[in-house]
Amino acid sequence: MTTTVLEPPATKHIFVPKRVFIEPAALEYELGRHLRDYFQTAGIPITVTGSHNRITGIPGKTAQEGFLEAKRTLVIGVRKGREFQTCKPSAHYQLPLVTSCPGKCEYCYLLTNLGKKPYLRIYVNIDEILDRAKAYIKEHLPRETVFEGAATSDPVPVERYTGALKQAIEFFGQQEHARFRFVTKFTDIDTLLAAKHNGRTRFRFSINAATVIKKFEHATPSMTERVAAAGKVATAGYPLGFLIAPIMIYDGWRQDYSELFAELDRVLKPDLRKDLTFELITHRFTRRAKQNIEEIFPNSQLDMNEEQRQFKYGQFGYGKYIYPKESMLEVRAHMEGLLQKYFPEAKVEYLV
Ligand code: SF4
């Protein structure tokens with residue numbers, strides 16, 4: 001039997017790369033030079049590379065080894081393309097500050113999107129990226145433009161190195177016609193608490209039942225740690241949001257999700273609930289995602305039995321397996337009950 005090699009959970013989930021690649025162009029920026037010196041002093045091997053999109057030299061004989069090594073590899077580059085990807089329906093554009101994440105969640109969407117070697121990429125030309133955002137905002141006037149900062153990453157683990165998120169938050173704090181949003185599972189957020197956000201950034205936490213996190217979201221903070229971090233963010237006056245996904249059905253799920261809401265209720269005092277949103281998504285998978293998960297996590301205990309699911313046709317010719325209708329109704333009833341009991345004032349963006 002193959003064994004999944006996962007590192008033991010780090011106490012603080014601080015991301016320290018095992019190797020760093022840097023594009024020569026990144027050294028033309030102060031941040032690039034600072035990061036090179038920083039990692040050199042820390043004794044982390046640095047290789048100069050041609051392009052942040054074509055990295056060779058990440059070890060790993062199997063797909064699983066390659067994946068785990070990539071998750072410990074940091075690439076420092078310059079974001080070149082002028083255009084941003086669109087990000088519908090939640091935002092107009094993705095704000096490209098970071099790609100990938102050191103977490104190892106078995107159902108991560110990046111497993112399908114970033115291929116077999118999802119190494120972390122950070123961009124040092126933050127001012128240029130924000131200048132481009134400014135141009136988009138201008139083009140959309142008088143409408144408001146919304147930017148999403150976590151479309152292809154969890155941007156928090158590398159924030160300690162770049163400060164990019166804080167810079168973006170403060171940039172949007174100054175914009176009258178734009179808003180910013182991002183989501184994280186990480187809790188290393190203290191540097192963001194003092195940022196001058198002016199209420200224009202929605203800081204969202206991706207949370208789940210403690211059992212689900214423990215079982216499937218390897219190398220990420222626990223449920224209580226995330227809720228505690230959310231309490232700090234709300235105290236700092238940010239509009240706050242929770243993404244509860246994927247909601248899973250298993251023995252004891254009702255009790256576990258009830259405990260999650262009880263913890264949110266315990267931490268978020270009434271005055272911290274003024275601008276609160278919830279997004280809820282039940283577990284679903286595509287055939288392709290299932291194949292990737294089985295390759296990287298051969299011992300996964302994720303329930304991906306197609307026979308017990310309902311097939312839903314997708315827009316681009318591939319469909320997904322969702323819970324059958326009766327199960328969906330059970331989830332809906334339970335989650336709506338919890339929302340009503342604990343957070344009747346919150347805005348529920350969707351429950352799917
Ligand atoms: S924390 Fe988010 S981005 Fe990172 S591995 Fe988990 S699901 Fe993927």
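This is a predicted model: local features need pLDDT of at least 70, side-chain atom pairs count only at pLDDT 80 or more; totals for chains, interfaces and linings use all residues.
Seven strands make up an open sheet, and their order across it is E4-E8-E9-E10-E12-E13-E16, with parallel pairing. Strand E4 (93–94) and strand E16 (347–351) sit at the edges, where each pairs on one side only.

E4 and E8 run parallel and are joined by two bridges; here Gln94 has Glu148 in E8 as its bridge partner. E8 is joined in turn to E9 by four bridges, again in parallel, and in this pair the bridge partner of Val146 is Arg179 in E9. E9 (residues 178–184) then pairs with E10 (residues 201–207) over five bridges, also in the parallel sense, and Thr184 stands opposite Phe205 in E10.

Strand E8 also shows how a strand can be covered on both faces. In a regular strand the side chains alternate between the two faces of the sheet. In E8, Thr145 and Phe147 lie on one side and Val146 and Glu148 on the other, and all of them are buried.

Helices come next. Helix H9 (residues 223–235) lies across E10 and strand E12 (240–247), and runs at about 170° to E10. Helix H10 (residues 253–267) lies across E10, E12 and strand E13 (276–282), and its angle to E12 is about 170°. Helix H6 (residues 164–173) is mostly covered, with seven of its 10 residues buried. These buried residues are Ala164, Leu165, Ala168, Ile169, Phe171, Phe172 and Gly173. What do the buried residues of H6 pack against? Their partners are helix H4 (126–140), strand E8 (145–148), helix H5 (159–162), E9, helix H7 (190–193) and E10.

Aromatic rings give another view of the fold. Across the whole structure, 26 aromatic pairs are found. Phe278 is buried because its relative accessibility is 0%, below the 20% cut-off. Phe343 is buried as well, with a relative accessible area of 2%. Ring pairs also link a cluster made of Phe84, Tyr93, Tyr136, Phe147, Phe171, Phe172, Phe180, Phe182, Phe203, Phe205 and Tyr238. Two residues of this cluster, Phe171 and Phe172, are among the buried residues of H6.

Attention can now turn to the ligand. Which residues surround the ligand? Around it are Lys71, Cys101, Gly103, Lys104, Cys105, Cys108, Leu110, Lys185 and Phe186.

Tyr318 is found in the loop between strand E14 (310–312) and strand E15 (320–322). Is Tyr318 buried or exposed? Tyr318 is exposed, because its relative accessible area is 51%, over the 50% cut-off. Leaving aside residues up to four places away in sequence, Tyr318 touches Thr286 and Tyr313. Tyr318 and Leu114 are 204 residues apart in sequence, with their C-alpha atoms 18 Å apart in space.

The peptide bond from Lys88 to Pro89 is cis, with omega near 5°, and Pro89 is in the loop between strand E3 (73–77) and E4. Another cis peptide bond joins Leu141 and Pro142, where omega is about 5°; Pro142 lies in the loop between H4 and E8. Asn198, although not a glycine, has a positive phi of about 50°. Asn198 lies in the loop between H7 and E10 and is exposed, with a relative accessible area of 54%. Ala219, also a residue other than glycine, has a positive phi near 65°. Ala219 is placed in the loop between strand E11 (217–218) and H9, and counts as partly exposed at 25% relative accessibility.

Notes: Residues are numbered from 1 along each chain as its sequence is written. Side-chain values use heavy atoms; hydrogens and water are left out. Two strands pair if DSSP finds at least two bridges between them. Contact means heavy atoms within 4.5 Å. Axes are lines fitted to C-alpha atoms, for helices over the stretch in contact, and angles run from 0 to 180 degrees between N-to-C directions. A residue is near a molecule or strand if one of its heavy atoms lies within 4 Å of it. Rings of Phe, Tyr and Trp (its six-membered ring) pair if their centres lie within 6.5 Å; planes under 30 degrees apart count as stacked, over 60 as edge-to-face and the rest as tilted. Buried means under 20% relative accessible area, exposed over 50%, partly exposed in between (1.4 Å probe, protein chains only).
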